[in-house]
Amino acid sequence: MRTFASLAAVLVLSAAVPAGAQTPAPAPASATAAFTLPALPYAAAALEPVIDTQTMQIHYGRHHQGYVNNLNAAVAATPALQGKSLDAILGEVSKHPPAVRNNAGGHYNHSLFWRLMAPVGQGGEPSAALKAQVERDFGSMEAFRKAFEAAGAQRFGSGWAWLIWTGDKLAVVSTPNQDNPLMDDAPVKGAPIVANDVWEHAYYLKHQNNRGAYLAGWWTVLNWNEANRLFDAARR
């Protein structure tokens with residue numbers, strides 16, 4: 001089975017854009033930049049009405065680009081990180097300054113988040129294997145959804161809700177800020193299978209302070225095809 005941290009490079013580097021997809025253009029990377037903004041796998045308007053176009057443009061083009069820029073600056077200022085992959089950085093993030101933690105997490109989390117969404121009707125369904133595991137660990141798909149929404153709703157301030165594979169079972173966890181379950185000091189470590197961003201910038205233009213409405217509606221754009229792939233990869 002792959003180690004949890006080794007999945008990070010696969011997740012970020014395998015982001016692809018289907019033919020015909022229209023995305024906001026990432027800022028050009030410098031010749032020395034270690035990390036770059038991955039292209040969105042759909043147009044900025046593709047997740048309407050669940051996630052509005054303006055939110056996608058700002059979230060992707062400003063927030064995520066900012067994490068990439070700041071991570072590159074932090075790496076350039078930290079000799080011990082020179083030439084290290086994102087998964088290696090996450091695996092030792094507790095040893096480094098907060099700027100490394102926040103921006104490495106922000107880059108990883110968002111790269112995964114974009115790929116875990118798809119236009120309404122295009123995200124597929126849980127595979128037989130994933131559905132069976134969810135039912136084994138949570139009792140039912142509905143119980144899992146409630147636990148996942150609760151994890152997001154109860155996260156005070158900014159953070160993320162996760163479904164992870166711990167090595168022998170699935171678990172729902174929440175992390176603050178841009179932390180994730182691949183970090184070396186995560187309270188519960190595991191391979192991400194599903195992740196939802198509950199920072200206010202992910203939903204505020206449409207839902208204002210109603211995080212619950214955002215969480216409930218998000219299932220219609222969840223890309224189960226990608227979650228199935230992640231689940232299969234995590235169990236190898």
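**Reading the helices, core and sheet**

User: Which residues of α2 are called buried, and what makes them so?

Analyst: This is a predicted model. The buried residues of α2 are Thr-55, Met-56, His-59, Tyr-60, His-64, Gln-65, Tyr-67, Val-68, Leu-71, Asn-72, Ala-74 and Val-75. Buried means under 20% relative accessible area, so each of these falls under that cut-off. They pack against α3 (86-90), α4 (98-115), β3 (191-197) and α7 (204-207).

User: What span does α2 reach, and what is expected?

Analyst: Helix α2 covers residues 53-76, 24 residues in total. From first C-alpha to last it reaches 33 Å, close to the expected 34 Å at 1.5 Å a residue. There is also a kink of about 25°, centred on His-59.

User: Why is α4 called largely enclosed?

Analyst: Count the buried residues. In α4, 15 of 18 are buried, so the rest of the structure largely encloses this helix.

User: Which members of the largest nonpolar core touch the most others?

Analyst: Met-117, Ile-193 and Trp-218, out of 64 residues. Helix α2 gives the most to this core, with seven residues. Contacts of Trp-218 include Phe-113, Met-117, Phe-148 and Val-194.

User: What makes β2 and β3 edge strands?

Analyst: The open sheet runs β2-β1-β3, with antiparallel pairing. Both β2 (170-176) and β3 pair on one side only, which puts them at the edges.

User: How do you know that β1 and β2 pair?

Analyst: Pairing needs at least two bridges. β1 (residues 159-165) and β2 have seven, in the antiparallel sense, so they pair.

Definitions and conventions
Residues numbered from 1 in each chain as written. Predicted model: local features only at pLDDT ≥ 70, side-chain atom pairs only at ≥ 80, totals over all residues. Heavy atoms only, no water. Helix = DSSP H or I, 4+ residues; strand = E, 2+ residues; numbered from the N terminus. Expected span 1.5 Å × (residues − 1). Bend = angle between axes of the 7 residues up to and from the residue. Buried < 20%, exposed > 50% of the residue type's maximum accessible area, 1.4 Å probe, protein only. Contact = heavy atoms within 4.5 Å. Core = buried A, V, L, I, M, F, W, Y, C linked by side-chain atoms within 4.5 Å. Lists of a residue's contacts leave out its neighbours within four places in sequence.
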